[in-house]
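Okay, thanks everyone, I'll keep this short. Have a look at the structure on the screen, and then I'll walk you through a few spots on it.

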Amino acid sequence: MSMAEAEPVSPVRRDLWVLPATAGGRFRFGLKCALTRRCPYCGHGNIFQNYWVLKDRCPTCGVAFEREDGYFLGAYAFNLVIAEFLGLGLAVILIFMTGLRNADFMIQWLVIVALAILFPVLLFPYSRGFWMALDLALHPPFNAAEQQLRGNLTRYDDSPKS
């Protein structure tokens, strides 16, 4: 895609942000947004192109979600660990507390493998939202160091208002 065909970059609208001042408040708000698949900055939805793909920017407030290359690596690790613990826990419950205990070993193994595949898939978009919520709690976007990392936040906000 050439530069002329590139999608125009929408300015960041901080006036639409509803971030609480405290780290705990930002985390709770971000966690609520993660569970409902909404922007952790403004709370509006439609931030996913489809189940797998997070848009580059919030269509409402314009904030860029991925601050740097590899930003979501922690989300992938979180997803894998939580999903596998949930899958293993559910498999243990199913095997020892239901009739699955008496089933053939191959059936038990298929249930465990299915859960190990299913949970990471189901939790994938929510882990990205959780990661952004955690990032907002630990690194508020208002201080100078974070603005420099996020680069795009001050570019539009510092322009003269008419």
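Let's begin with an acidic residue, D56. With a relative accessibility of 65%, D56 counts as exposed, because the cut-off for that word is over 50%. And just so we're clear, this is a predicted model.

R37 is in the loop between α1 and α2, and its phi is near 55 degrees, which is positive even though R37 isn't a glycine. N46 is in the loop between α1 and α2 as well. Its phi comes out near 65 degrees, again a positive value in a residue other than glycine. N46 counts as exposed too, at 51% relative accessibility.

Now for the greasy side of things. Which residues make the nonpolar surface patch? They are W52, V53, F105, M106, I107, W109, L110, V113, I117 and V121, and the patch covers about 970 Å².

Take V121 from that list. V121 is part of helix α3, residues 105-138. Is V121 exposed or partly exposed? With a relative accessible area of 33%, V121 is partly exposed, since that label covers values between 20% and 50%.

That's what I had, so over to you.

How values were computed
Residues are numbered from 1 along each chain as its sequence is written. This is a predicted model: local features need pLDDT of at least 70, side-chain atom pairs count only at pLDDT 80 or more; totals for chains, interfaces and linings use all residues. Side-chain values use heavy atoms; hydrogens and water are left out. Patches are made of residues with over 30% relative accessible area and no salt bridge: like charges are joined within 9 Å, nonpolar side chains (Val, Leu, Ile, Met, Phe, Trp, Tyr) within 5 Å. Accessible areas come from the Shrake-Rupley method with a 1.4 Å probe; for residues, only the protein chains shown count as cover. A salt bridge is a side-chain nitrogen of Lys or Arg within 4 Å of a carboxyl oxygen of Asp or Glu. Helices (H or I, at least four residues) and strands (E, at least two) are DSSP runs, numbered from the N terminus. Buried means under 20% relative accessible area, exposed over 50%, partly exposed in between (1.4 Å probe, protein chains only).
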